[in-house]
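This report describes selected local features of a protein model. The sequence and structure are shown first, and the description follows.

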2 protein chains.
Amino acid sequence: MYVDIGNALDAEPRLTRATLERLDERVADAHDRIERGRADAAHGYAALNLPDTADPDAVRAAVDRFDDPAAVLTVGIGGSALGAATLAEALGGDGLDHYVLDNVDPAHVDALLDSLPLGDTVVHVVSRSGTTAETLANFLIVREAMDRAGVDWTRRTLVTTGADGNLRELAARHDLPALDVPAGVPGRFSALSTVALPVAALAGHDVDALLDGARAEADRLAGSLFDSPAYAYGAVCYALERRGAAINAMVPYAESLEYFAEWFAQLWAESLGKDAVGQTPARALGATDQHSQLQLYRAGPRDKLVTLVRPRERPRIPIPETDLDGLAYLGGGSLGDLLDAEFRATEASLAAANCPNVRIELDRIDERGVGELLYGMEAACVLYGELAGVETFTQPAVEWGKRAARGLLGGGDFEEADAVGEKRRLVVD
Amino acid sequence: MYVDIGNALDAEPRLTRATLERLDERVADAHDRIERGRADAAHGYAALNLPDTADPDAVRAAVDRFDDPAAVLTVGIGGSALGAATLAEALGGDGLDHYVLDNVDPAHVDALLDSLPLGDTVVHVVSRSGTTAETLANFLIVREAMDRAGVDWTRRTLVTTGADGNLRELAARHDLPALDVPAGVPGRFSALSTVALPVAALAGHDVDALLDGARAEADRLAGSLFDSPAYAYGAVCYALERRGAAINAMVPYAESLEYFAEWFAQLWAESLGKDAVGQTPARALGATDQHSQLQLYRAGPRDKLVTLVRPRERPRIPIPETDLDGLAYLGGGSLGDLLDAEFRATEASLAAANCPNVRIELDRIDERGVGELLYGMEAACVLYGELAGVETFTQPAVEWGKRAARGLLGGGDFEEADAVGEKRRLVVD
């Protein structure tokens, strides 16, 4: 992973090289804390050890019994789904279609069950506790659909869960392959573990290369932001947020990284959004969103950092020669040339408008590159959290709504559910 | 469309009913300007006349020659693609798969061409000028792929374009069905026109009902925000942005409205992001992103409005009865009950955290409901632009990058291209 922060300096909000050099002392301290956390395998910090603690053999063994399936369906939500979706989209299916069932939208579930080849699908259910309402409700529905279709769900189901709970018991009772969620790793930091690696293994991707990429990025963590790509990114994001960049627009120039941007949005929002601070992630896609968001980034409020991501190598598709009016310049070039010209033009156009931006590059979007990218963003996030002094690895603010929903559904007596009934209304219709 | 702004008042940023009542005088003035613009069919305002000026018969006639295709591929970018994608996803395909080719990512184009049934696909090329680089490059590649596959592209191609230019000439030369882009309607306001309606018509949806829904919302535009759902929403967004809600998180509680959120993000960003103002749209999805963004919305900076959208009616999928530990409360209910409980719980949890939020409801996600929703958001956006005093219908800031990219590709001599070479670098790798 290459991180170029040149365009993040001396723009608006204004961040100078001198400021970064002063910040670097705090980066060194934060790095020490992170290294201690890793050495103790402390909650959250343990995620940064996954390149060494994840067990690719166990993952491969667990998926081995599924013989050349047509599809894999991840049933999970949040961090239990986004990592798998990110890997599946970035690395491609190689003939294996990947579906995610995270939402509990009946219209969507209906359509999905209609289109899935149930008899030839591996269902991967992921929930640490085994009680996540959305995940378990969806799993019950999928299981029933398999029963109805005469498919033996016990031969099509893989589980990743904690040491006990519903899914663990179910696995024991029906002899399902079951993987352990890694200890001390919050869901949003679990892509490089048993939570998401099974999807990559099922598609025949090189899980070791994924972890090698992550390890290479881990090896670059150092006591100075000028020596570590991940820390350079995290420190710049933190420093710019403090100066007014309340928004971080994540803009990969690659369709296959769309889910990555969504994964990043969870990582950033849930880790850093606390104590009235935290950059809001905005997802976009290059070059498409030049025709959607760029006007705002260039001419709107000066409250943004734009992060541009691209691979250095792309497949080559030539653009046919053409005599169409005004388009001769395109002919004979390649589609990748066009996309990369747009990437550089957008980057420069942001700089010309004084909008700070960072360039992140990978050699290629392959197992190694994706391992570097995911690990790099996780380490950047952990550093940012240290610098901001927030509890990076918790998400206390989501509990209120969970209790309220449970109360509404008759799952217990919760005062939050009573508050729902007191909604202030001012309806215009 | 029902708009409930009760939870947008007296939160943080603080907006009071009294402030809205004072603002209502300016809403009346803005409404007068909008009505004059509509009466003159002035640039941009003409979009709000589409319920009456769009010609569903012409759309149906243009797609009539394509006999029961398996897929439709929209080749366009920005407003020339997002409307079609929004309609196709919201209304469903009814056996017709919809694909969008907007980006110029060679890896993606490769994969798409591999999976498309080229001989049974309708290609809808959309570009007002006929010179949009991404659209024409992609079209040239698709055309060549059809040639190579022995498919007569002239029998599979539909065009929507301006009165002259490359696509118009191509249509004349090869006798392609060609629709006119509506006059005075910027791309991001063109969903209810020849730009996106052909996709709905191809899938057999009721185009008249779409326009009826839009017309119903048009009929509710009035001189007071308290009488018009669209204006209530636009006025609240504007007033909250002025008070510090720099971000508008658009959160439909329906998988089939994911593209709608993307369409909204373009509408909002490109129309309002100018003169150093403009709310930044952030896209999310309920209930999924409760496990991703909600922590930030509740506990992060007080710079957000959250917009929650849902249909009042959903299909019913029962959740099977279960004896799983702690989940008995789910059994016997329906998936829609769970989703709606989460909707109400999230709404209340935002209110309890003092985060302003608006509820938008449709009767159903069908042609009429989608027509109401799209028109309502467009009218809200136009009102917001009037109140903010920006040029809602232009996007001048994107030109810089277009010239730079063109220069880089050898398409002319542009000083912007020279600036690209002067990039400041500070690479950490």
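In which strand of chain B is the place of B:T161? B:T161 lies in strand 5, residues 157-161, of chain B. The model is a predicted one, and the features below are to be read accordingly.

B:T161 has a relative accessible area of 0%, and B:T161 is therefore buried, since the cut-off for that class is under 20%. Apart from neighbours within four places in sequence, the contacts of B:T161 include B:S127, B:R128 and B:G130.

Helix 7 of chain A spans residues 166-174, and its buried residues are A:N166, A:L167, A:R168, A:L170 and A:A171.

After helix 7 of chain A comes A:D175, with a positive phi near 55°.

## A positive surface patch

Four arginines of chain A, namely A:R22, A:R26, A:R242 and A:R243, form a positive surface patch. Of these residues, A:R22 is located in helix 1 of chain A, residues 17-39. The relative accessibility of A:R22 is 56%, and A:R22 therefore counts as exposed, the cut-off being over 50%.

## Cis peptide bonds

In chain A, the peptide bond from A:G286 to A:A287 is cis, and its omega is near -5°. A:A287 belongs to the loop between strand 8 (280-283) and helix 12 (294-299) of chain A.

In chain B, B:G286 and B:A287 are joined by a cis peptide bond with omega of about 0°. B:A287 is placed in the loop that runs between strand 8 (280-283) and helix 12 (294-299) of chain B.

## Positive phi in loop aspartates

A:D275, a residue other than glycine, has a positive phi near 55°. A:D275 sits in the loop between helix 11 (258-272) and strand 8 of chain A. With a relative accessible area of 58%, A:D275 is exposed.

B:D10, likewise not a glycine, has a positive phi near 60°. The loop that holds B:D10 lies between strand 1 (2-4) and helix 1 (17-39) of chain B. Its relative accessibility of 37% makes B:D10 partly exposed.

Conventions: Residues numbered from 1 in each chain as written. Chains lettered and ligands numbered in written order. Predicted model: local features only at pLDDT ≥ 70, side-chain atom pairs only at ≥ 80, totals over all residues. Heavy atoms only, no water. Patch = residues over 30% accessible without salt bridge, like charges linked within 9 Å, V, L, I, M, F, W, Y side chains within 5 Å. Areas by Shrake-Rupley, 256 points an atom, 1.4 Å probe, with all protein chains shown as cover. Salt bridge = Lys/Arg side-chain N within 4 Å of Asp/Glu carboxyl O. Lys, Arg positive; Asp, Glu negative; His and termini not counted. Charge placed at Lys NZ, Arg CZ, Asp CG, Glu CD. Helix = DSSP H or I, 4+ residues; strand = E, 2+ residues; numbered from the N terminus. Buried < 20%, exposed > 50% of the residue type's maximum accessible area, 1.4 Å probe, protein only. Contact = heavy atoms within 4.5 Å.
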